[in-house]
Amino acid sequence: MRFLIALLCCVTLQMQAQKPKKPSSSEIFEQIKGLNFLGTALYVAAHPDDENTAMISYLANTIHARTGYLALTRGDGGQNLIGPEIRELLGVIRTQELLAARRTDGGEQRFTRANDFGYSKNPEETLAFWERDQVLSDVVWAIRNFKPDVIINRFDHRSPGTTHGHHTTSAMLSVQAFDLVNDVNTFPKQLEHTETWQPKRLFFNTSYWFYGGQEAFDNADKSNLVKVDVGSYYPAYGLSNTEISALSRSQHKSQGFGNTGSRGNQIEYLELLKGEYPQNGNLFEGIDTSWNRVDGGADIGEILEAVEKNYDFKNPAASLPQLLEAYELIKNLKNAHWRDLKITQITSIIKACAGLYLEAASSQQTAVANETIALNFEAINRSDFPVNIESIVLEPSGKKYEVAEPLRSLNFNKRYNMQQKINTGSANLTTAYWLKEEGSVGMYKVTDQKLIGLPETPKTFKAVFQLKLGDVKIPITTNVIYKYNDRVNGEVYEPFEIVPEASVLVKDPVIIFANAEPKIITTEVTAYTSNLKGIVSLNVPYGWKVSAPQPVEILQKGETKNIAFTITPPKNASEGILQPQLELIGKTLNTKITKIDYEHIPLQTLVLPSTNKLVRLDIAKRGDYIGYIAGAGDAIPKSLEQIGYQVAQLNINDVTAESLKQFDAVVMGIRAYNVLDELKFKQPLLLDYVHNGGTMIVQYNTARGFSFPNLGPYPLELSSDRVTDEFAEVTILDPTAELLNVPNKITAKDFEGWVQERGLYFPKNWDEAYKPIIAMHDKDEDPNEGSLLVAKYGKGHYIYTGLSFFRELPAGVSGAYRLFTNMLSIGKNDQKIKQ
Ligand SMILES: [Zn+2]
């Protein structure tokens with residue numbers, strides 16, 4: 001593949017993601033072994049963190065195969081343990097966590113256009129959201145480009161319903177693709193860019209998990225399974241394969257997958273699904289993985305095997321003459337796949353053997369189109385091998401900067417620097433390519449076939465150092481980066497990005513109007529260029545009113561100005577899109593710039609559509625003052641404040657009989673009983689508060705390992721029952737229930753427009769003191785009545801609900817607000833209704 005730039009398989013255990021690789025002598029040797037192995041493996045699963053990093057590291061570092069992980073999704077639907085980003089922004093973080101994992105274990109990363117829309121119970125439900133043809137096409141595309149000899153599925157394609165539907169679907173599509181990739185009539189348009197391919201073997205990487213436990217697996221007949229010991233030790237790294245695997249796995253920090261490494265033998269079991277059974281655990285058996293595999297490769301193999309044999313750990317540069325000879329031969333290979341792949345690998349090895357350091361650094365992290373910026377180029381040769389620098393070519397302009405004759409020779413350890421002012425021209429934005437166009441719930445929209453599957457947008461600005469080592473001309477390309485010195489962290493590298501002239505946004509993604517009163521809305525304009533002048537306006541839906549557009553002028557790049565607008569909602573319930581807009585001379589911007597900055601991944605700079613949701617609720621409420629005890633973290637308090645409640649966030653230690661008295665209702669945040677140990681001491685106080693007339697609302701807790709004795713005033717047993725279809729029909733069990741009538745009349749309409757799911761971990765068994773209010777179910781399942789239970793206890797009310805209010809309220813779902821308000825208002829008939 002010409003445009004899928006092959007990353008060199010090698011382990012560099014640098015945590016600072018953006019820093020250039022500087023391999024040691026023994027790491028270079030490992031890379032040479034990889035250069036001499038012509039075999040490829042692809043691991044397939046659904047999400048970031050599904051992959052078996054021990055297997056990937058074993059393939060990349062023990063076998064030295066080119067190893068890829070195809071994750072069908074970017075993991076947008078997961079939780080985020082390290083920050084506020086969810087959905088697509090979490091997908092961006094998890095994409096980078098996968099890349100960090102691959103930098104650690106030596107693999108490469110690929111994706112499809114499938115969006116991780118949330119949990120689904122089986123492949124049928126998954127494929128109701130994923131466009132089967134598109135995802136299958138992307139799996140075929142990945143295989144045709146990556147050309148694996150061996151494919152390994154993480155999941156079993158034959159057991160739908162036993163795990164996440166995405167998991168089983170990933171295996172099903174992989175099995176299908178295996179038989180389709182070599183057929184010219186399958187997705188023929190792909191063949192304008194790549195070729196057909198036939199992998200030799202397909203495996204399923206089984207484990208105790210698929211047998212229901214370690215004991216069952218220990219006792220199972222494993223005679224048909226291929227056994228691979230992935231417990232190798234690498235003196236070059238001072239690490240066991242399983243330790244590298246743990247370091248790789250620990251990159252999934254947003255998922256809390258920190259992992260302690262182990263040492264010693266570790267057997268992985270592979271069930272052969274297609275192809276011939278391999279002997280002695282050799283997954284590549286019968287496949288020529290030497291240079292003889294490729295036409296014209298025999299001579300190259302002879303040279304490079306000698307390089308491997310005679311490698312001098314004290315002086316890697318001694319290998320340069322043979323490496324350069326091989327380079328020239330590889331350059332002339334007819335097989336473009338192996339040629340491009342191996343040229344990338346050997347170029348990297350040559351660079352490392354010569355101790356060459358090449359850098360193109362911008363003095364700023366972002367630039368706009370047609371901006372003049374300063375670049376600093378550095379080149380140094382830290383070997384005694386003759387190296388010349390003839391010119392530096394800047395991409396994408398192709399502009400060539402000649403190096404003056406007397407400076408061309410890169411003498412041992414003498415640094416060469418060149419400064420240039422360059423114009424960025426009409427450069428494209430560098431933001432995440434899969435977020436540029438709006439997709440569907442289950443699919444990203446990417447129209448450029450060449451981008452599909454790439455982990456990130458290829459960098460626009462690159463410098464090509466035109467070098468001559470001895471008599472051999474070698475161009476070496478490096479991305480233009482931004483670097484600076486940080487007083488704490490020292491040298492920091494960040495990606496250099498092209499952005500629009502400004503970011504314009506309203507902070508709250510959803511703005512709720514609980515009545516007809518106007519609200520003042522602040523719009524932020526941040527300049528990404530100096531002397532920004534424009535007109536800011538807000539576009540509102542029909543029936544809404546907004547104050548007039550206002551001029552904005554910002555002199556300095558990086559400065560933000562806040563501009564206030566008044567928005568008046570219509571008299572009746574209504575919702576629509578708010579779009580902030582900045583009019584500049586000759587262009588209109590309606591995008592915002594979002595940065596994601598965590599230590600384990602490179603700084604992410606995203607240009608995203610700037611839109612907000614406006615909701616005018618038709619809502620009445622009783623009660624004012626709500627106590628909130630946060631669990632695992634959710635945005636419910638903010639949502640309740642938006643509709644006029646006062647919310648006090650209670651620290652668990654501040655829960656006393658006295659402090660509870662002041663509240664009209666107390667709400668437990670999601671998973672509070674899973675994460676707050678102290679609740680076992682406070683629960684009696686909370687239940688007393690209910691008994692004395694209070695209202696307590698408990699949101700979902702996960703059922704696994706749940707053993708809290710008195711979750712409610714009467715016996716109540718959680719289960720893992722959930723309704724994942726957000727469109728599932730809702731049946732009203734008791735139309736007269738106070739919860740469904742006061743102060744808001746709840747009807748089927750209030751269950752329209754829900755997002756991602758109805759709810760999760762519904763109780764299964766409960767004391768008859770609890771009254772179920774509604775019923776719902778996923779396709780082909782029995783009605784579930786446990787999503788909303790209410791019990792009278794003493795003078796008060798206790799409500800347990802697994803409904804996903806934590807998703808619905810922040811998403812501005814009207815019906816969810818109306819129902820939640822009824823929960824807060826229960827038992828307050830005597831109070832005045834507030835509008
Ligand atoms: Zn998964």
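A charge sits over a ring if NZ of Lys or CZ of Arg is within 6 Å of the ring centre and within 35 degrees of the ring normal. I'm working on a predicted model, where local features need pLDDT of at least 70, side-chain atom pairs count only at pLDDT 80 or more, and totals for chains, interfaces and linings use all residues. Residues are numbered from 1 along each chain as its sequence is written, and side-chain values use heavy atoms, with hydrogens and water left out.

**Charges over rings.** I looked up Arg74 and found its charged end over the ring of Phe111, 4.2 Å from the centre. I also noted Arg758, whose charged end sits over the ring of Trp754, 5.4 Å from the centre.

**Zinc.** Next I checked the zinc ion: His47 (ND1), Asp50 (OD) and His167 (NE2) coordinate it at 2.0 to 2.1 Å. Donors here are N, O and S atoms within 2.8 Å of the metal (3.2 Å for Na, K and Ca); water is not among the atoms, so sites may look incomplete. His47 is in the loop between β1 (40–45) and α2 (53–62), while His167 is in helix α6 (residues 165–180), so the pair ties together parts 120 residues apart in sequence. Helices (H or I, at least four residues) and strands (E, at least two) are DSSP runs, numbered from the N terminus. Both His47 and His167 are buried (under 20% relative accessible area; exposed is over 50%, partly exposed in between; 1.4 Å probe, protein chains only).

**Aromatic cluster.** Last, I wrote down one aromatic cluster, formed by Phe155, Phe204, Trp209 and Phe210 (rings of Phe, Tyr and Trp, its six-membered ring, pair if their centres lie within 6.5 Å; planes under 30 degrees apart count as stacked, over 60 as edge-to-face and the rest as tilted).
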